[in-house]
Amino acid sequence: MAGRPAPKKGANKAASPAQTNNNKRKSNPSKEPSSKKAKVAPVAAKGGKKSAKAAAPQDDSEDDESWAYGAVSGSDDSEIEEMDDEFVSAEEGSDIEVGALNDDFLGDEFAESDEESKGPGAAMFGSDDEDEEGQGEEEDEEDIFASNSEDDSDEDDMEAKSRKLDAAAQAEAEEAEAEMQTNIMLESDKYVLPGDDHEILQSTDLQVVQARIQEIVRVLNNFRDMREGNRSRNDYISQLLKDLCLYYGYNEYLMEKLFYIFPVSEAIEFFEANEVPRPVTIRTNTLKTRRRELAQSLINRGVNLDPVGKWSKVGLQVFDSPVPIGATPEYLAGHYMLQAASSFLPVMALAPQEHERVLDMASAPGGKSTYIAALLKNTGMVFANDANKDRTKSLVANIHRLGVKNAVVCNYDGREFPGVIGGFDRVLLDAPCSGTGVISKDASVKTNKSEQDFQMLSQLQKQLILAAIDSVDAGSKTGGYIVYSTCSVTVDENEDVVNYALKKRPNVKLVSTGLDFGKEGFTRFREKVFHPSISLTRRYYPHMHNMDGFYVAKFKKVSNKIPKKEDNVDLDEEEEFTPIVEEATKRNRGGKKSPGAAAKAVEEVEQIGFNANEDEELIRASQAKLLQTQKGIKLRPKKSA
């Protein structure tokens with residue numbers, strides 16, 4: 001091998017550094033493990049001067065690594081002759097031919113520059129002019145690659161894959177950045193509101209309507225920068241209300257009434273929440289069981305449930321049940337009541353104490369009345385009243401099923417109290433309302449409520465709350481409280497009614513409900529200004545608290561004195577307190593009451609109170625006076641026995 005001819009300079013010039021690096025990647029010994037050139041490569045990579053040890057024949061007992069390093073010395077003459085023929089054929093060619101073959105033919109060990117190489121065997125047999133630091137490191141690296149060729153192939157593949165992944169990640173990041181910039185540009189674009197005759201505006205496609213709603217909401221949230229030309233805010237709101245009516249199915253009057261209660265974005269959340277049913281909740285009947293025991297019994301039946309929240313000690317939220325939750329043995333045994341979480345709140349605010357007398361003015365179907373009885377632990381007395389006689393059937397059934405023993409069921413118009421009976425320690429008035437907080441349960445509310453309905457309901461609620469206040473005994477040692485609640489979110493039925501009661505009954509004041517969550521009541525709403533203490537009331541929304549829309553207010557009665565005309569209270573008003581009569585359906589609500597009749601009615605009500613010994617006589621006397629005043633009927637005095 002020492003007699004091999006040196007290659008021409010043209011061949012060395014053709015092997016540029018770039019090609020040398022490229023060919024080093026291509027020359028992988030693992031691809032041709034049986035090739036003679038593959039066995040020569042480790043010796044060439046060994047570098048340095050030829051040593052006697054490298055030239056000496058190797059023993060067959062040596063390991064694979066020693067075989068790789070001693071491959072040249074152990075080869076026979078025929079192999080060397082074949083290699084010589086390859087070098088001769090390369091020498092006989094022209095400079096262009098040798099350059100064309102490049103390192104693919106000669107191998108990495110022969111890809112040397114003219115300045116570093118003195119022949120094709122310089123890398124194999126060593127060179128005195130080598131740079132020991134740079135060349136030695138390169139040769140050691142080649143030695144490592146040659147000794148573990150298969151691992152080198154895997155590492156090369158992994159390195160290539162890693163570079164591809166890095167490139168893909170970088171491209172994805174650049175694309176995301178470009179998309180973000182595009183979104184920012186789109187958000188800064190001004191939305192052009194279509195004209196009245198525009199086909200897009202007339203479209204009833206819900207997807208088009210939804211897209212327009214989102215655009216208008218985006219403009220209203222940043223109106224100063226996003227509005228179009230001289231368009232006013234009312235232009236955008238007017239179009240938004242029309243689109244919301246079309247998309248969610250409300251009538252225009254109710255949509256406008258509900259829309260202005262919330263900020264724009266929150267209003268959309270409220271309407272969306274009304275499309276989703278609220279979670280099913282049950283209340284543990286503590287007269288018969290405890291919540292832990294009830295939960296374990298239902299879990300054993302395959303019911304998936306959790307506590308309704310930290311604010312309630314008796315509520316459970318049911319996620320899934322393999323059996324009807326209203327037909328389990330536990331339900332039939334009276335261990336729980338199917339009850340909305342929002343209806344827990346007024347009873348919790350009322351907080352009845354044992355041995356008290358409590359009135360529930362609108363109690364059917366009995367969820368709140370039985371909860372009051374459970375808090376009283378079957379002591380005292382609960383008057384469960386409802387104006388609808390048909391609904392009292394379900395009320396009686398639930399009272400018996402839940403094991404309530406201290407309840408009295410009655411059927412009176414709530415406005416007749418305290419004429420029926422008074423002097424209660426606490427009164428709960430869950431007033432009849434429009435149901436705008438329970439739209440998810442009754443979608444008909446969206447279309448069947450008009451302005452006349454709200455006016456009628458508001459007047460009824462004002463009459464009921466005055467009757468509730470007058471039915472409470474301010475001298476109660478433990479009570480004297482009134483709780484007013486509705487399942488509505490409108491201001492007309494909530495803050496407006498409470499503010500009216502504060503004006504008409506200065507002997508009451510608002511106190512904290514004791515509920516540690518919920519939004520404060522409005523003290524200002526559009527053009528209306530209410531009493532500052534109304535901030536003590538609480539509002540609940542489906543999109544915020546995941547329960548039905550609800551309102552709770554709590555009063556404390558400080559005196560039993562009812563204000564008269566001389567106390568600077570205006571009694572000549574259309575919505576004045578309605579006197580008690582025998583039949584509420586025959587009331588005359590059409591015009592104003594004369595000051596004399598109203599004052600007389602107030603005096604009569606003032607005389608009515610609760611006394612166990614004289615109760616019957618007082619009721620009869622009051623009815624006689626009222627019948628004579630209203631209908632001209634004079635009752636005969638009752639004969640003594």
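These legends describe close-up views of a predicted model. Residues are numbered from 1 along each chain as its sequence is written, and side-chain values use heavy atoms, with hydrogens and water left out. Local features need pLDDT of at least 70 and side-chain atom pairs count only at pLDDT 80 or more, while totals for chains, interfaces and linings use all residues.

View 1. Two strands pair if DSSP finds at least two bridges between them. Strands (E, at least two residues) and helices (H or I, at least four) are DSSP runs, numbered from the N terminus.

**View 2. Bridge partners in strand 3.** Strand 3 (residues 315–320) runs antiparallel to strand 1 (residues 280–284), joined by four bridges. Here isoleucine 282 stands opposite leucine 316. Four bridges also pair strand 3 with strand 2 (residues 304–307), again antiparallel. Aspartate 306 has glutamine 317 as its bridge partner.

**View 3. Helix 12 against helix 16.** The axes of helix 12 (residues 206–221) and helix 16 (residues 264–273) come within 9 Å and cross at roughly 145°. Axes are lines fitted to C-alpha atoms, for helices over the stretch in contact; angles run from 0 to 180 degrees between N-to-C directions. Ile213, Val217, Leu220 and Asn221 of helix 12 meet Val264, Ser265 and Ile268 of helix 16 (contact: heavy atoms within 4.5 Å).

**View 4. Glutamate 275 and lysine 446.** The two form a salt bridge, with the closest N and O atoms 2.8 Å apart (a side-chain nitrogen of Lys or Arg within 4 Å of a carboxyl oxygen of Asp or Glu). Glutamate 275 lies in the loop between helix 16 and strand 1 and lysine 446 in helix 22 (residues 445–448), so the pair ties together parts 171 residues apart in sequence. Lysine 446 is buried, at 9% relative accessibility; glutamate 275 is partly exposed, at 39%. Buried means under 20% relative accessible area, exposed over 50%, partly exposed in between (1.4 Å probe, protein chains only).

View 5. Arginine 426 meets glutamate 356, the closest N and O atoms being 2.6 Å apart. Arginine 426 lies in strand 8 (residues 426–430) and glutamate 356 in the loop between helix 19 (344–350) and strand 5 (357–360). Both residues, arginine 426 and glutamate 356, are buried. Lysine 368 and aspartate 430 form a salt bridge at 2.9 Å, N to O.
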